[in-house]
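Colleague: Please take one part of this model and walk me through it up close, side chains included. I'd like the wider setting too, in plain words.

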Amino acid sequence: MFAQEEPVSPPQDPFLNDPMMYEGPSPLWSFLESGFAFLYLLFWIWMLVDCLRKDPDRFMWFWVILIFQPFGAAIYFFLRWLPTNQFQLPEFARPLLRQRRLNELETAAMQIGNAYQFVRWGDALKDAGVFHKSLAAYQQALAKELDNLQALWGAAQMKMKFKDFQEAQSLCQKVLAIDAEYKFGDVSLMYCKTICELDTPEKAREQLVIHTKRWRQPEALYLLATLEAEAGDHQTARKTLQSMLLDINGSPRGIARKFVRWKSKAKRLLNKLPKA
């Protein structure tokens with residue numbers, strides 16, 4: 001009898017039992033995927049609620065957010081939420097849109113040619129850190145309108161930036177002669193700073209006393225206390241700093257946060273003053 005042949009088994013697929021091909025995604029990837037999905041859900045709900053509560057065209061945008069997934073919420077965010085909430089882009093992203101805005105304002109200033117357009121262009125250049133062109137824009141506005149308060153103030157800020165204290169002082173005086181309360185004491189404070197640079201400490205201290213009776217800005221009070229301490233009037237300097245801290249601590253929380261720097265400097269100066 002013929003020997004019985006053993007059945008030949010088909011060749012085995014080497015990847016058939018490979019666990020790497022069949023195991024699920026890694027725990028880290030699953031966590032990240034879930035996290036992104038959760039964040040997107042929160043963002044989607046935020047845009048939808050904002051649309052329903054505030055947008056005058058809420059019916060149209062509601063369907064855009066609801067139907068065009070996953071881009072509907074992002075479209076609403078960029079086209080409706082950002083413009084209406086005057087949101088400022090992060091510092092690193094601002095140059096992406098800044099140059100186009102500057103070009104538009106420059107074109108308007110050159111074509112229309114009135115003081116208002118040059119002031120707008122100067123303000124935008126100042127915010128962009130292009131200070132020399134900003135000063136030139138303010139000067140062009142003043143050439144068309146000598147007593148334009150916005151142009152005078154903008155030019156004074158630029159002159160102060162370039163440490164041209166004499167010219168900055170002259171410009172501040174012109175603003176104060178027209179409106180002594182313009183910018184709620186900011187012009188008066190800059191005028192005091194120019195006196196600190198150009199005149200005697202006694203004169204600067206005298207002017208700061210006048211200023212702080214009307215405008216109790218933390219920066220002005222700190223400058224006054226510094227001059228008092230330098231003059232050896234430590235007790236008066238201490239009282240000035242303590243009253244400044246009381247003003248900050250008694251103000252609303254949102255305002256107090258803006259003056260954290262001056263609060264910290266006041267505390268350091270207090271610690272340096274001799275004990276009474």
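Modeller: Residues 24 or more positions apart supply 44% of the chain's contacts with a separation of 6 or more, a contact being heavy atoms within 4.5 Å. This is a predicted model, so local features need pLDDT of at least 70 and side-chain atom pairs pLDDT 80 or more, while totals for chains, interfaces and linings use all residues. Numbering starts from 1 along each chain as its sequence is written, and side-chain values use heavy atoms, with hydrogens and water left out.

The chain has 15 helices and 0 strands (DSSP runs of H or I, at least four residues, or of E, at least two, numbered from the N terminus). Of its 276 residues, 33% are buried (under 20% relative accessible area, 1.4 Å probe, protein chains only).

Now for the close-up: H13, residues 234-249, packs on H15, residues 260-272, at about 150°, with the axes 10 Å apart. That angle makes H13 roughly antiparallel to H15 (over 145 degrees, on a scale from 0 to 180 between N-to-C directions). Their crossing is left-handed (the near helix is turned anticlockwise from the far one by less than a right angle).

H13 brings Arg238, Leu241, Gln242, Met244, Leu245, Ile248 and Asn249 to the contact, and H15 answers with Trp262, Lys263, Ala266, Lys267, Leu269 and Leu270. Sorted by class, you get 8 nonpolar, 2 polar and 3 charged residues where H13 meets H15. Here Ala, Val, Leu, Ile, Met, Phe, Trp, Tyr, Cys and Pro count as nonpolar, Asp, Glu, Lys and Arg as charged, and the others as polar.

Note on methods
Angles under 35 degrees count as roughly parallel, over 145 as roughly antiparallel, 65 to 115 as roughly perpendicular and the rest as oblique. Buried means under 20% relative accessible area, exposed over 50%, partly exposed in between (1.4 Å probe, protein chains only).
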